[in-house]
Amino acid sequence: IDYRQHYFPGSRQELLQAVKKSVKAKRYQHILGVEQTALKLAAVNGVDLEQASVAALVHDYTKNRSDDEFKQAIKKYQLDDDLLNWSNFIWHGVVGAEIIKTELKITDQVILNAVRRHTVGAKIMTPLDKVIYVADFIEPGRDFPDVEVARAVAKGSLDQAVAFETKHTLTYLINGSQTIYPGAMAAYNQWVVKK
Ligand code: GDP
Ligand code: FE
Ligand code: FE
Ligand code: FE
């Protein structure tokens, strides 16, 4: 993709370097896979390719930060104190977006919202939110039972892919008796429940 530098104040190479420095090697490979898949989904679904690229490249930018850094960031950015009751899986999206804004100087709210919503989805999701949410689930490096089903669904319909992923993740969490983040329930009610 050819950057016109609308969303990141630097070259694509500079963004790649910043992301690479921020995460572990395996995570970086996942991020490149998400970008590849996000670009395909964006092209088919009428989403801006440069926004899709930047959002994909930064979506897990803070995934390998410490719990302590996230807790300090929740204070610094005056985010909801309830966030302190959760953990990395929720912080690297919602709190991560603030850290990305500060460290990478990315200010586009459409991109930052896609980062915020990439883990559990949301009641309201923009086309870019859906592209990143689904690409994160089906990128080439993902390997779990049903990933091929998810890929096939995504080829047919982005909304159906959002529904499939949301139901799949909730089912997995319930089967493992794990906590359900309220935002995940909101996404389920919006995208999975038949109307
Ligand atoms: P990744 O950052 O690329 O690994 O992917 P995600 O950001 O989509 O997800 C991170 C982790 O959060 C995964 O292991 C999910 O199973 C987990 N997760 C997603 N929603 C919930 C939830 O509501 N509750 C809990 N406990 N975990 C969740
Ligand atoms: Fe993530
Ligand atoms: Fe995900
Ligand atoms: Fe990811």
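Are Asp60 and Asp136 buried or exposed? Both residues are buried, where buried means under 20% relative accessible area, exposed over 50% and partly exposed in between (1.4 Å probe, protein chains only). The model is predicted: local features need pLDDT of at least 70, side-chain atom pairs count only at pLDDT 80 or more, and totals for chains, interfaces and linings use all residues. Residues are numbered from 1 along each chain as its sequence is written, chains are lettered from A and ligands numbered from 1 in the order in which they are written, and side-chain values use heavy atoms, with hydrogens and water left out.

**View 1. Site of the iron ion (ligand 4).** His30 (NE2), His59 (NE2), Asp60 (OD) and Asp136 (OD) coordinate the iron ion (ligand 4) at 2.1 to 2.2 Å. Donors are N, O and S atoms within 2.8 Å of the metal (3.2 Å for Na, K and Ca); water is not among the atoms, so sites may look incomplete. Along the chain the donors of this ion have the spacing H-x28-H-D-x75-D. Asp60 is in the loop between helix 3 and helix 4, and Asp136 is in helix 7 (residues 127–138), so the pair ties together parts that are 76 residues apart in sequence. Helices (H or I, at least four residues) and strands (E, at least two) are DSSP runs, numbered from the N terminus.

**View 2. Site of the iron ion (ligand 2).** The iron ion (ligand 2) has Asp60 (OD), His92 (NE2) and His118 (NE2) as its protein donors, at 2.0 to 2.1 Å. Their spacing along the chain is D-x31-H-x25-H. Asp60, in the loop between helix 3 (49–58) and helix 4 (67–76), and His92, in helix 5 (residues 88–104), are 32 residues apart and link distant parts of the chain. Both Asp60 and His92 are buried. Asp60 also bridges the iron ion (ligand 2) and the iron ion (ligand 4), which lie 3.5 Å apart. The iron ion (ligand 3) is 5.7 Å from the iron ion (ligand 2).

**View 3. Surroundings of ligand 1.** Around ligand 1 there are 16 residues, of which Lys63, Thr119, Asp136, Arg142 and Thr179 come nearest; a residue is counted if one of its heavy atoms lies within 4 Å. Oxygen atoms of ligand 1 lie 3.0 Å from a side-chain N or O atom of Asp60, from a polar side-chain atom of His118 and from a backbone N or O atom of Tyr181.

**View 4. The largest pocket.** The largest pocket holds about 740 Å³ of space. A pocket is an open set of points, on a 1 Å grid over the protein atoms alone, where a 1.4 Å probe fits, with protein on both sides within 12 Å along at least five of seven lines; lining residues have an atom within 4 Å of a point. Its volume is the space filled by probe spheres set on the points. Among the 25 lining residues, Thr119, Phe137, Arg142, Thr169 and Tyr172 are the closest to the centre. Helix 5, helix 7 and helix 9 (158–175) each give two or more residues to this lining, and the largest share, seven residues, comes from helix 9.

**View 5. The second largest pocket.** About 310 Å³ of space lies in the second largest pocket. Its lining includes Gln36, Lys40, Ile138, Pro140 and Arg151. Helix 2 (25–45) and helix 8 (147–156) are the elements that give two or more residues, with the largest share, six residues, from helix 2.

Notes:
A polar contact is a pair of N or O atoms within 3.5 Å; within protein, one must be able to donate a hydrogen and the other to accept it, and residues adjacent in sequence count only if both atoms are side-chain atoms.
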